[in-house]
Amino acid sequence: MGKTELNQTFAYIDLIRRKVDAARKEPEFSKRLGERAQRTPASLRSDRDVLRIFAQLIAYSQNAKATLVSGMLSKGIFETAFRDFEVGQVRLLKSAAVEAMYWDAISAIRFKRKIRAVISSAESLSSIQAKYGSFTELLDRTGIPPILRSEADVERFWQGFDNLLLVLKKEQMPFFRRTTSLLHFLLSVGYDCIKPDIVVMRVAKEGKMVPLETGDDNRRKVVRDIQLYSVDRHIRPTVVDLYFLIYGGQTGVTQLVHPWFYA
């Protein structure tokens with residue numbers, strides 16, 4: 001990307017931030033912003049933590065109703081159904097048995113095939129443990145910098161990301177062997193990236209950051225541009241992500257600005 005194009009992208013993101021800031025509802029906005037800014041990968045203490053996050057992201061995926069999933073998760077039912085996310089125990093589960101015993105209680109996840117996806121995730125994690133010691137050790141080996149402080153860090157991020165993605169594809173990891181889902185996982189555990197979902201991509205296309213809302217190359221470009229912007233402006237990508245989601249009107253964050261913003 002040329003310097004002129006990058007400057008145009010930065011100016012567009014600055015404009016989004018100014019518009020959203022003019023409508024922010026306090027203290028709700030600052031509280032959500034602070035939560036995002038303070039995320040760190042310290043939450044990953046073991047592969048049990050990894051599997052728990054994988055399972056939760058799978059539960060929310062494919063247009064499952066977030067409020068229903070959150071309510072189900074808050075009751076601890078998912079933990080019980082999947083043996084408190086102990087990798088060695090989950091990999092031995094039979095999806096039919098989990099479905100028969102727990103489907104009525106966990107049906108908020110929307111699709112029964114997600115049960116198999118959680119079990120398959122444990123199987124892949126078990127294989128990774130045998131080869132690399134643990135998923136957390138594999139993640140460390142990739143050299144992906146959790147916090148981006150320079151353009152060189154952004155380059156290292158994508159080199160490490162592609163190395164990790166290659167391993168997950170070889171291990172047949174469900175969901176997270178795809179770019180968007182793996183970025184979502186890294187974002188969820190505090191790495192400096194965003195999830196290039198449909199709302200983010202629509203906002204990016206509107207600002208001519210990319211020609212299309214779809215396509216792996218376009219999604220990667222948007223994430224990379226936001227990372228470079230964040231390094232330049234000394235803020236975290238997850239903060240920029242929140243501005244994009246609010247600007248694009250994603251349900252779940254619209255309450256952080258005054259209603260007239262969407263009039």
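From the N terminus on, the elements of the chain run α-α-α-α-α-α-α-α-α-α-α-α-α-α, which amounts to 14 helices and 0 strands. Helices (H or I, at least four residues) and strands (E, at least two) are DSSP runs, numbered from the N terminus. The model is predicted, so to speak of local features requires pLDDT of at least 70 and side-chain atom pairs count only at pLDDT 80 or more, while totals for chains, interfaces and linings use all residues. Residues are numbered from 1 along each chain as its sequence is written, and side-chain values use heavy atoms, with hydrogens and water left out.

Overall dimensions come next. The radius of gyration, taken over C-alpha atoms, is 19 Å, which agrees with the value near 18 Å that a compact globule of 263 residues would have; the globule rule behind this comparison is 2.2 Å times the number of residues to the power 0.38. Along the principal axes, the C-alpha atoms fill a box of roughly 55 × 40 × 30 Å. Of the 263 residues, 49% count as buried, where buried means under 20% relative accessible area, exposed means over 50%, and partly exposed covers the range in between (1.4 Å probe, protein chains only). The accessible surface comes to about 12,700 Å², and carbon and sulfur atoms hold 50% of it; the areas come from the Shrake-Rupley method with a 1.4 Å probe, and for residues only the protein chains shown count as cover.

Contacts, meaning heavy atoms within 4.5 Å, were also sorted by their distance along the sequence. Among those with a separation of 6 or more, 67% link residues 24 or more positions apart. As for charge, the chain has 41 positive and 30 negative side chains, and the centres of the two sets lie 4 Å apart. In this count Lys and Arg are positive and Asp and Glu negative, with His and the chain ends not counted; each charge is placed at NZ of Lys, CZ of Arg, CG of Asp or CD of Glu.

The buried set runs through Pro237, Thr238, Val239, Val240, Asp241, Leu242, Tyr243, Phe244, Leu245, Ile246 and Tyr247. Their cover includes α1 (3-23), α2 (28-37), α11 (179-188), α12 (198-206) and α13 (216-233). Just after α14, Gly249 adopts a positive phi of about 75 degrees.

Ile16 is buried, with a relative accessible area of 1%. Leaving aside residues up to four places away in sequence, Ile16 touches Val203, Tyr243, Phe244 and Tyr247. The C-alpha atoms of Ile16 and Tyr247 are separated by 6.9 Å, although the two residues stand 231 positions apart along the chain. Helix α1 also holds Gln8, but Gln8 is exposed, with a relative accessible area of 54%. Between the C-alpha atoms of Gln8 and Phe176, 168 residues apart along the chain, the separation is 32 Å.

Two polar residues in other helices are buried as well. Asp153 belongs to helix α10 (residues 151-170) and is buried at a relative accessible area of 11%. A polar atom of the Asp153 side chain lies 2.9 Å from the backbone nitrogen of Arg149. Asp153 also touches Pro145, Ile147 and Leu148, not counting residues up to four places away in sequence. Ser120, in helix α8 (residues 113-132), counts as buried at 15% relative accessibility. Its C-alpha atom is 8.4 Å from that of Gln172, a residue 52 positions away along the chain.

A cis peptide bond, with omega of about 5 degrees, joins Glu26 and Pro27, and Pro27 sits in the loop between α1 and α2. Asn63, in the loop between α3 (47-60) and α4 (66-74), has a phi near 65 degrees, a positive value in a residue other than glycine. At 70% relative accessibility, Asn63 counts as exposed. Lys208, in the loop between α12 and α13, likewise has a positive phi, of about 60 degrees, although it is not a glycine. Lys208 counts as exposed too, at 72% relative accessibility.

Terms used: Polar contact = N/O pair within 3.5 Å; in protein donor to acceptor, adjacent residues only side chain to side chain.
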